[in-house]
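Reader: I am new to this structure. Could you take me through it in questions and answers?

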Amino acid sequence: MDDGFDLDSRLDGPLGRKAADALAPLGLETVGDLLRHYPRRYVDRGRLTEIAGLVAGEHVTVVAAVARAELREMRNRRGKMLKAVIRDEKGGELDATFFNGWKLQGFIKQGVVGVFSGKVGVFNNRLQLTHPQFEEIEESDSLRPFLSVYPANAKVTSQAIARSVRQVLEQIDDPTDPLPESLRKREKLPELGRALRRIHVPETEADLFAARHRLVWDEALGVQLALALRREAAVARPAPVCPRRDDGLLAAFDADLPFPLTEGQQEVGEQIAADLARAYPMNRLVQGDVGAGKTIVALRAMLQAVDAGTQAAMLAPTEVLAAQHARSLRAMLGALGRGGELGAGEDTTAVTLLTGSMGAKAKRQALLDAQSGAAGIVVGTHALIQDTVGFAELGLVVVDEQHRFGVEQRDALRARGSAAPHMLVMTATPIPRTVAMTVYGDLAVSELKGLPKGRSPVATTVVPLAEHPSWIERVWQRIREEVEAGHQCYVVCPRVGGTEKEGAEKKEDAEEPPPDDDGGEERRAPLAVLDIAPLIEEKLAGLRVGILHGKLPPEEKDTVMRAFERAELDVLVATTVIEVGVDVPNATGIVLLDADRFGLSQLHQLRGRVGRGSAPGLCLLVTDMPAATAARERLDAIAGTTDGFELARLDLELRREGDVLGSSQSGSRSGLKLLSLLRHGEVIEKAQVYARHLVADDPGLAGHPRLRDLVGETLGDEERAAYLDKS
């Protein structure tokens, strides 16, 4: 029956104002919103356990009627509990006990039929469910083979949502399908209308599988179309042509290299060189494991850009890392990096540092060097993308640690000048293939494999204080042993501490928290640098201990880091400001306190700060989490392998995947409900191929308006505008 309602119709049309208003707090305002609010689970009536066959200790789901229910005072604490006896169709009876029963007495009453889920226990020689999950079943649902259970809240029950969904489905015709018929046939996908009906009201398990598979395809294709459109927009503008020269800075730099490039560095370098020589912008992601030598790959690319008469900018996530990069680039260039200095040769360039907290005089000079072209290479933080920063001609932008920056920041740099600069994105956090395809699908991806000669192995050990609290003394002893052998060590804490409020650190100190998966009683706050530094100084009396964190003034951060680089400090107590890019070959030991508070990829990055010289490295993961917890499993995983790509895969498995494209961070609503980077890799790969062909054949998707709409439904209207307006 067609009442003129479609996916864009407001819900007050098919449902009425009162029912529509009730759904609004869940973000369900249109017919499309409601039909994309998929069930979170299903009760398969054919697989329900009969009450008569229940066994204590198992988790069960039963459909039963409430035979009787009454409120009782609790004996050992204040309040009332609701005691109910439930009975299934075969006559089997089971007790169900609910705490705070006064809240439920209006729902769980004699005659009500519902789905009860929980763990079977025993009380007074009777089987019972203690505070089970409960969903009421209406009489109209009693014969359905599957019962859909929806994400709900205290005011809107799953049953009310199910009722609204069925009411809407009865009043609308099937929507126009956005997927081309040829694609649907090739991939054996049901039409959109059937998929939407069957995911809410499945008749068989096959119905349910086919519906979910089709709707996963919609999300995967929506994402890949958006990325293909972004890729199309990125190459539409002209870019400075930067061919490789045989007599320039790059050739001179290569000739002076004291070591050979690895095969991986040569291979990726050739890909970048070819990209830079084209008249449209390079957009390439280079990912390599810790210590793979990405900095020298980036420097060689920047020199090729400078050889062509343009400038290169390198964007780092923190001021500590930006300053470290500037020093490293100058050191690697030697005489070639002294452009503008007295006695400098003709074929030289200057490396300029520009950060937001520099003094007025230094910042003024850095801005002048960038604007005039005196600086061939400009290194900085997000300050580089401010409107006040100008370049003579920006040919290449290198973004270090892309996961720290948003798409908007990358676009801000990309949009500089009349010609778009080439873009080289680097990360030392290995990315699983499906993540790279989904998050960085607008970039060509290069993997930098192999480690340069001279990298030393790093031995990683978990220090389990829950079982062996005295082992912490051995940790301090090991640090002394490394220092006595002529080396240096890091001690890393999750927080800054002092007078800060929880979570108030600067972004550069904020770690990615691991999932809250160990339950139990509330844990103490994570250890903090300022709180524990006095204890560390006491334990390491006689050693030179420095402190580094993101709240220090920039000059002080730089002073501490330089002192550690010059071996004027034995131990550096720090937050995660040292996570990436910091390169001190003499540092051989790193102690990670509260190691379970970090994610796997972050632990791998921190471990990569040691073993960068000729001496072997040592990484101690200190934790008070007991054995057999998920937190300890993470630490055992990092201790068991040095393969960053394997750890990245494990990290994705252990974490919640979250919003794939991060639209939750920008405040826009994402339509990604079913797509899983772990489970749907094959669909993502196929969708990427289809998306590229579709956009190549129909730039901007002008002839496929429903596919344009699919991008918006998948990513939200703001993201749709960002992608489509640039196509």
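**Overall make-up**

Author: The protein chain has 24 helices and 21 strands. The model is a predicted one.

Reader: What percentage of the 727 residues of the protein chain count as buried?
Author: A residue is buried when its relative accessible area is under 20%. Counted over the 727 residues of the protein chain, the buried share is 54%.

Reader: Of the contacts in the protein chain with a separation of 6 or more, what percentage comes from residues 24 or more positions apart?
Author: A contact here means heavy atoms within 4.5 Å. Among contacts with a separation of 6 or more, the share from residues 24 or more positions apart is 75%.

**Helix α17**

Reader: How far apart are the end C-alpha atoms of helix α17?
Author: Helix α17 covers residues 554-565, which is 12 residues.

Reader: Within what arc do the buried residues of α17 fall?
Author: The buried residues in α17 are Lys557, Val560, Met561, Ala563 and Phe564. Seen down the axis of α17, they line one face of the helix, because they fall within an arc of 160°.

Reader: Which exposed residues does the face of α17 turned away from its buried side carry?
Author: Exposed means a relative accessible area over 50%. On the face of α17 turned away from the buried side, the exposed residues are Glu555 and Thr559.

Reader: Is alanine 251 buried, partly exposed or exposed?
Author: Alanine 251 lies in helix α8 (residues 249-256). Its relative accessible area is 24%. Buried requires under 20% and exposed over 50%, so alanine 251 is partly exposed.

Reader: Leaving aside neighbours within four places in sequence, which residues is alanine 251 in contact with?
Author: The neighbours within four places in sequence are set aside. The contacts of alanine 251 are then Arg245 and Asp246.

Reader: Which residue's backbone nitrogen does the side chain of serine 676 reach?
Author: Serine 676 is found in the loop between α21 (663-666) and α22 (681-697). At 2% relative accessibility, serine 676 counts as buried. Its side chain reaches, at 3.1 Å, the backbone nitrogen of arginine 679.

Conventions:
Residues are numbered from 1 along each chain as its sequence is written. This is a predicted model: local features need pLDDT of at least 70, side-chain atom pairs count only at pLDDT 80 or more; totals for chains, interfaces and linings use all residues. Side-chain values use heavy atoms; hydrogens and water are left out. Helices (H or I, at least four residues) and strands (E, at least two) are DSSP runs, numbered from the N terminus. The expected span of a helix is 1.5 Å times one less than its number of residues. Buried means under 20% relative accessible area, exposed over 50%, partly exposed in between (1.4 Å probe, protein chains only). The arc is that of the directions from the helix axis to the C-beta atoms. A polar contact is a pair of N or O atoms within 3.5 Å; within protein, one must be able to donate a hydrogen and the other to accept it, and residues adjacent in sequence count only if both atoms are side-chain atoms.
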